[in-house]
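Take a look at the model below, then read on.

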Amino acid sequence: MSYVLKANCKYKTDKTGSAHEFPCILTQSGILTSHVQYLFTNRDKSLSWIEKSVSSIILLIKYIDANTLPLFENQKITGVKLLESFTVALNVGTIDLNGHDPSGLFWKVRSTQDAHVILNHITQYTDHLSEINDYQFPINRFTKASYIEEKMNWCSYYHRQAGVFLNHLENKKSTAEQMKKMRTVRSTQPEKNANEKVLRFPEDKIEALLNYGFKKKGEIYPNYKNQLITMLMHYGGLRLSEVFHIYINDIICDYKRNEAVVRVFHPSMGMSPEPYNQLRKTYLREQYGLKPRHEYSKSLRLHSGWKVPLLTNKKKYFEVIFAPSNTAELFLKTWINYLKYQRIDPPTNFQHPFAFTNSEGLPETIKNFRRMHENAVCQIGLTPSQYEGTNCHGHRHSYGYRLVQLGFKQVEIQKAMHHKSPDSCLVYIQPTSEEIREKMRTLEANKPY
């Protein structure tokens, strides 16, 4: 019986002690080594990208097994037809109106965005196979684009290039030729959607969350650690994953202003604390026997993602910009209270440099904080929900929108939210329809007739 599973493997390129860990695809014929090699060539990609590539190829293999079609037999014809039928199965599902599916896949209809991403991952992998094996035809080869398709390619190109630094160095002739091509197999284009639902944490509830949500019944003082992490997201705009890369040395005091300065370093390429002056990856390995947290598998408690934000210092870090600015003073007071009264020092058998620890002194985890945040949200009478803005990421949305209300320009919001592209912040700052209606009423009420 055929099967396909996701496993973990170590990939070595030489006889040194260095090894790269990747999720891999295990079939009845063994590990799909070509995909592990493909992941190695893309090792600088995020863990989310790698995981999505693995899951996409697993879906394709399951589809091949269910339909008993050889993937590379007569690649020019069969491969294309296979990919076309696979794409249709992603977009419309595999179950008929009576609930039957002879293939046994029982796939439900996927969103156009999800299907689009899956096909892109498969196309990139099969292009890689074609290149290393000198196939005459890649599976999802290019064909001549129609007049309209070429114009749409140019629209997409200019939109992408608008936020690319040094885009004037692009080879225009090569680009023009590329715009005349389209992939043979294409999924349905995802719909454009400006999310109508407010994803921001309610501003009128943040003080209750900080002062009462993180305080257990009968206790006098709140949980300072949870307050600090929440303030970094709500008033500093950090992603939750970024918080857990902060070392205890990364939070310092500006004595002139009596406020905190918080620096977020690249977890592996950032400079380590003095006096070592090493890359953090080396520092963690030599001093603590650890890896940067974004290099751990998602299934492990130490994992914390990294979205490659805009760094603003040659030592590979950015500083948190608190909004409103007086929050930096409140943050410093809370940080001092945390260090004096609540922070558990790392145990002797698990030393580490991370700022926030759990009840055993180990590095705090995303999963544990999310649980405590949900409990705090419930304690003040709200329901934890992404679509109500009451999850952790809702705080970052609140931060971005607050900058708009304070009068910051788009390029300034980009810098404060550490985006590489000025357009990335638009999802955080867009108003809802009700807010636009309210502004319309205000303008009309003040307009003389």
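How are helix 1 and helix 2 oriented to each other? Their axes cross at roughly 155°, and helix 1 and helix 2 are therefore roughly antiparallel to each other. That label goes by angle: under 35 degrees counts as roughly parallel, over 145 as roughly antiparallel, 65 to 115 as roughly perpendicular and the rest as oblique.

Before going further, a word on the source: this is a predicted model, where local features need pLDDT of at least 70 and side-chain atom pairs count only at pLDDT 80 or more, while totals for chains, interfaces and linings use all residues. Residues are numbered from 1 along each chain as its sequence is written, and side-chain values use heavy atoms, with hydrogens and water left out.

**Two helix pairs**

Helices (H or I, at least four residues) and strands (E, at least two) are DSSP runs, numbered from the N terminus. Axes are lines fitted to C-alpha atoms, for helices over the stretch in contact, and angles run from 0 to 180 degrees between N-to-C directions. Here are two pairs:

| Helix pair | Axes come within | Crossing angle |
|---|---|---|
| Helix 1 (residues 33-41) and helix 2 (residues 47-67) | 11 Å | roughly 155° |
| Helix 8 (residues 224-234) and helix 13 (residues 394-405) | 7 Å | roughly 45° |

In the helix 1 and helix 2 pair, His35, Tyr38 and Leu39 in helix 1 meet Trp49, Ile50, Ser53, Val54 and Ile57 in helix 2, where contact means heavy atoms within 4.5 Å. Sorted by class, this contact has six nonpolar, two polar and no charged residues. For the classes, Ala, Val, Leu, Ile, Met, Phe, Trp, Tyr, Cys and Pro count as nonpolar, Asp, Glu, Lys and Arg as charged, and the others, Gly among them, as polar.

Helix 8 and helix 13, given their angle, are therefore oblique to each other. On the helix 8 side you'll find Thr230, Met233 and His234, which meet His395, Arg396, Ser398, Tyr399 and Arg402 in helix 13. The class count here is two nonpolar, four polar and two charged residues.

Now for an open sheet of three strands, in the order 1-2-3 with antiparallel pairing. Two strands pair if DSSP finds at least two bridges between them. Strand 1 and strand 3 (30-31) are at the edges with a single partner strand each, so one side of each has no neighbour in the sheet. Strand 2 (residues 20-27) is joined to strand 3 by two bridges, and Leu26 stands opposite Ile31 in strand 3. Helix 1 packs on this sheet, touching strand 1, strand 2 and strand 3, and its direction makes about 155° with that of strand 2. Helix 2 packs there too, touching strand 1 and strand 2, at about 10° to the direction of strand 2.

Four bridges join strand 6 to strand 7, with Ile252 opposite Val261 in strand 7. Strand 7 (residues 259-265) and strand 8 pair over three bridges, and Phe265 stands opposite Tyr317 in strand 8.
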